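Q: I am new to this structure and would like to learn how to read it, one feature at a time. Could we go through it together?

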Amino acid sequence: VRVFDFTNVLPYRSHIYKIKTSAGASPHTPSTTKRRSAKIQQIELLKMAIFIASTKSISRSSGQSAVASASYRAGVELEDKRYGKTHDYSKKHGVMSADIILPSALADAKATVDRGDLWNKAEAAEKRKDARVAREWLVNLPHELSAEDRKELAHTFAQTFADRYGTIADCAIPEPTQKAIDRGPDPRHFPSPILFPTRCAA
């Protein structure tokens, strides 16, 4: 069974607002906001985190490999059995964490999945030379959140999709390095790549 519909991301905007107010302040209800001045309301709106996400396919027709993509995003070394090579990004900096997110049913059954096995099986499952072997969601995590809250948001996003479609997620959390910042990127930019196989977990 293939997984196609990765379009409904609107619920995560409200999830961000919940994280933003988790320190003790409750989200304002319409009745309470009416008593606030327009200026205060405007300031509060400006402080709310903005959720941005985009998606793209990882496909052989573009010369891409699911194993290579996972290796680069997680900053690890993986053996690519289809192409007979090893992708080694273990010296890559800027990856705070990389976790495999299982559907809740598999996690409850204490199942474990090795990253190398996951992506080699994803490659083996596709026979066409122009096959799509994975789908990536790039979730731009708001800089207003703490590092722990950004990780929680990305994991919640991945877990929800894993449960909804019965697939496995490979979720990497970025951490901008000083070397990268010196080259020009905005240090507030936290794009979290989340890879999904195109097929459901057996």
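The dialogue below moves from the whole chain to its cores, its helices and its rings.

Q: How many helices and strands does the chain have, and what share of its residues counts as buried?
A: This is a predicted model, and that should be kept in mind throughout. In this model the secondary structure comes to eight helices and seven strands, and of the 202 residues 38% count as buried. The chain exposes about 11,700 Å², of which carbon and sulfur atoms supply 53%.

Q: Among contacts between residues at least 6 apart in sequence, what share joins residues at least 24 apart?
A: For this chain the share is 70%.

Q: Which residues have the most contacts inside the largest nonpolar core, and which elements each supply at least two residues of it?
A: The general idea is that in soluble globular proteins nonpolar side chains tend to be buried together. Here the largest nonpolar core has 17 residues, and Cys171 and Ile194 are those with the most contacts inside it. At least two residues each come from β5 (132-141), α7 (147-165), β6 (169-174) and β7 (190-197), with α7 giving the largest share, six residues. Apart from this core lies another, of 13 residues, which includes Val67, Leu102, Ala134 and Leu195.

Q: Which residues does Ile194 touch, leaving aside those up to four places away in sequence?
A: Ile194 touches Arg135, Glu136, Trp137, Val139, Ala154, Phe157, Ala158, Ala169, Asp170 and Cys171.

Q: How should I read a helix, and which residues of α4 (66-74) are buried?
A: An α-helix has 3.6 residues a turn, so residues three or four places apart point the same way. Helix α4 is mostly covered, with eight of its nine residues buried: these are Ala66, Val67, Ala68, Ser69, Ala70, Ser71, Arg73 and Ala74. Tyr72, by contrast, is partly exposed, with a relative accessible area of 42%. At the N-terminal end Ser65 caps the helix, a side-chain oxygen lying 3.2 Å from the backbone nitrogen of Val67, and just after α4 Gly75 takes a positive phi of about 70°.

Q: What covers the buried residues of α6?
A: The cover includes α4, β2 (77-80), β4, β5, β6 and β7. The buried residues of α6 (115-125) are Arg115, Gly116, Leu118, Trp119, Asn120, Ala122 and Glu123. At the start of this helix, a side-chain oxygen of Asp114 reaches to within 3.0 Å of the backbone nitrogen of Gly116.

Q: How many aromatic pairs are found in the whole structure?
A: A search finds six. Tyr89 is partly exposed, with a relative accessible area of 33%.

Q: Why is the pair of Trp137 and Phe157 called edge-to-face?
A: A pair counts as edge-to-face when its planes are over 60 degrees apart; the planes of Trp137 and Phe157 stand at 65°, with the ring centres 5.5 Å apart, so this pair is edge-to-face. Trp137 is in strand β5 and Phe157 in helix α7, so the pair ties together parts 20 residues apart in sequence.

Q: Where does the charged end of Arg150 sit?
A: The charged end of Arg150 sits over the ring of Phe190, 3.7 Å from its centre. Lys92 lies over the face of Tyr72, at 3.6 Å from the ring centre.

Technical notes. Residues are numbered from 1 along each chain as its sequence is written. This is a predicted model: local features need pLDDT of at least 70, side-chain atom pairs count only at pLDDT 80 or more; totals for chains, interfaces and linings use all residues. Side-chain values use heavy atoms; hydrogens and water are left out. A nonpolar core is a set of buried Ala, Val, Leu, Ile, Met, Phe, Trp, Tyr and Cys residues joined through side-chain atoms within 4.5 Å. Buried means under 20% relative accessible area, exposed over 50%, partly exposed in between (1.4 Å probe, protein chains only). Helices (H or I, at least four residues) and strands (E, at least two) are DSSP runs, numbered from the N terminus. Contact means heavy atoms within 4.5 Å. Rings of Phe, Tyr and Trp (its six-membered ring) pair if their centres lie within 6.5 Å; planes under 30 degrees apart count as stacked, over 60 as edge-to-face and the rest as tilted. A charge sits over a ring if NZ of Lys or CZ of Arg is within 6 Å of the ring centre and within 35 degrees of the ring normal. Accessible areas come from the Shrake-Rupley method with a 1.4 Å probe; for residues, only the protein chains shown count as cover. A polar contact is a pair of N or O atoms within 3.5 Å; within protein, one must be able to donate a hydrogen and the other to accept it, and residues adjacent in sequence count only if both atoms are side-chain atoms.
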